[in-house]
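Student: I'm new to this one, so please walk me through it slowly, starting with how the pieces are named.

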Amino acid sequence: MKTVFDVVVIGGGHAGIEAAHASARLGSSTAMVTLDLAAIGRMSCNPAIGGVAKGQLVRDIDALGGLMGVVADQAGIQFRMLNRSKGPAVWGPRAQMDMDEYATLMQDALSHTPNLSLVAGELLDFKRQMNGGFLLRLSDERTVETQTLIITSGTFLGAVMYTGLQSTVGGRIGEPAAVELANTLKDMGVKTRRLKTGTPARLKADTLDYGEVEVQEGDAEPFPFSFRTEGKLKNRAVCWITRTHAGTHDILRTGFDQSPMFTGMIDGIGPRYCPSIEDKISRFAERDSHQLFLEPEGLKTGRIYVNGFSSSLPKEIQDQALRTIPGLRNCEVLRYGYAVEYDSVDATQLHATFECREIPGLYFAGQVNGTSGYEEAAAQGLMAGINAALRVQGREPFLLSRAESYIGVLSDDLVNLEIDEPYRMFTSRAEYRLHLRSDNAEERLLEKGHAQGLVEDAVLLKYQRQRERVEEMRKRLLETKVTPESTNSFLAASGGSGLSESEHALGLLRRPEVSLPSLLTHLGIVMDNWSTAELVALEASERYRGFQERQRKDIERSQRLAELRIPGGFDYSTALSLSVEARQKLDRRRPLTVGLAQRIAGVTPADISGLIFHLQQRRAA
């Protein structure tokens, strides 16, 4: 086995996959070290990728050459665009996965990635070497050397699993916790905090009564996650909807005295927006019903995931409560729900590249940084992998601002906000969400990915041709005049008000009741086999054009600050125009740009103005 690498990634989850893939794609010799190679890409919790804001993250990852989107398209069995009743700015692509197929495809993709070695092993500890790199010691006493190290340990650091009052050391069913690694990090001065997550029961699919539940179909025209996906996606499965009721809640309450959360066995804070079923009925006691989604974990697994019923109550309580729910009265439980309490890294110790400020060359990415969700993990892994490779190659860090991607919002929030609960991405966190839509990820990021060497020439050429095609249609609609006489009956049928005078057809797309396909049909314009992505791109960009023009000026100001770099050795003690508090905080956090400095609590606009002045003086000297 090769034992010297440019980049070593610890962990084979969603963060580890994107980190290892990106680093290797950039030409750095890379190793992924994970306990079980067959567990790479395993979906520990829900069998789905994407969702509102999460789907935007997957689209961003894909535009930068990541794997999650293209594999999700291949392994997807049901595709839905969430929030379709609202504007495109908050649409979120989501797909149910065949979990086994997803993991197999990820493993295959990594095994065929040049410059990447997959190593079965467990990292126990590591030490800094004289050359600035790290010496890693694995559990079987093998050693590995690396210039940079990315830890993507998920929920495994010092992890304990709970079902009722029973606890077991481990980060996932059947898999041990990373106890020695957790102790090593603490000994090195890395600050951690205790968090909690959980998962629901899995049921045997052929023991459910599907006549008692509501069928949930996929979209007729699925929207792909990946720009690289060719052909149309197909739905291969359905999901179902059912609900708890007062009787269910009564049974669950009988187990509260055996709940690890309510009895104080678990100190860690769980995700506020994905609570356990016992937490729901405790916090929302006035509600006598909660919606549940029954989601297949694959086409051949025979397992159903009960989305919305995460629980760490005793097995017998879970069993009794599940059997009160319509469709589940005769269910057979294949695996009961459980909670996991684990150590997470305080991400305010990190740069926006996810490199530890106090230990250069050491990166953290994924759930270990206090996030929840596969998509947030993958986005961090991508950025850590890119930047670890760039560091080794002596190149400038790759940073994304809040104004150009959801990845930028995520990175900025994690390293600047004091987070006391697992972080989850929402569209409300993005102040420029009218611009950061799922449909325009390529417009925002593809060329950046290509410039870094992450996106192939053929993919960029495909995008340029699509952009030309969309622009040609836009120009045609701009040149096509519509009159009240020819158009008002169409508008009335769409539920809108009529025209009082003639205007160009493109302007009609700014009306929420007018869709591009219906408009083109009315005008007699053939779409010539346009893809769903092309249709949405033109329709959304025109619908938000007025808002975007106003937002563009804000973005330009934000970009100027975000891109103004602060030299690594900048001496804040010489910037006397800054407040003492600002100098101390900036010196401790060492932000890479003025934009990141602006986000630090206690650094005022006056401090930022003073910092810019001192940077300009330094450059002029």
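Tutor: Helices are DSSP runs of H or I with at least four residues, strands are runs of E with at least two, and they are numbered from the N terminus. This is a predicted model, in which local features need pLDDT of at least 70 and side-chain atom pairs count only at pLDDT 80 or more, while totals for chains, interfaces and linings use all residues. Residues are numbered from 1 along each chain as its sequence is written, and side-chain values use heavy atoms, with hydrogens and water left out.

Student: Okay, where does R590 sit?

Tutor: R590 lies in the loop that joins α17 (580-589) to α18 (594-598). Its phi is positive, at about 50°, although R590 is not a glycine.

Student: And is R590 exposed, partly exposed or buried?

Tutor: R590 counts as partly exposed because its relative accessibility is 21%, where buried means under 20% relative accessible area, exposed over 50%, and partly exposed in between (1.4 Å probe, protein chains only).

Student: What about the phi of N83?

Tutor: N83, again a residue other than glycine, has a positive phi near 70°. N83 belongs to the loop between β4 (76-82) and β5 (92-97), and with a relative accessibility of 25% N83 counts as partly exposed.

Student: Switching to helices: at what angle do α1 and α9 pack?

Tutor: Helix α1 (residues 14-25) and helix α9 (residues 374-392) pack at about 30°, and their axes are 7 Å apart. Those axes are lines fitted to C-alpha atoms, for helices over the stretch in contact, with angles from 0 to 180 degrees between N-to-C directions. The angle makes α1 roughly parallel to α9, since under 35 degrees counts as roughly parallel, over 145 as roughly antiparallel, 65 to 115 as roughly perpendicular and the rest as oblique.

Student: Which residues meet there?

Tutor: From α1 come H14, A15, E18, A19, A22 and S23, and these meet Y374, A377, A378, G381, L382, G385, I386 and A389 of α9. Contact here means heavy atoms within 4.5 Å.

Student: How do α2 and α10 pack?

Tutor: Helix α2 (residues 54-63) packs against helix α10 (residues 406-416) at an angle of about 110°, with 8 Å between their axes, and the two are therefore roughly perpendicular to each other. On the α2 side the contact is made by Q56, L57, D60 and I61, and on the α10 side by Y406, I407 and L410.

Student: Back to loops, then: where is G453, and what does G453 touch?

Tutor: G453 is in the loop between α11 (441-452) and α12 (457-479), and with a relative accessible area of 37% G453 is partly exposed. If its neighbours within four places in sequence are left aside, G453 is in contact with R25 and L26.

Student: Which helix holds S282, and what are its contacts?

Tutor: S282 is part of helix α7 (residues 277-283) and is partly exposed, at 36% relative accessible area. Leaving aside neighbours within four places in sequence, S282 is in contact with F256 and F262. F262 is 20 residues from S282 along the chain, and their C-alpha atoms are separated by 9.9 Å.

Student: Last one: which residues of α19 are buried?

Tutor: In α19 the buried residues are D607, I608, G610, L611, I612, H614 and L615.
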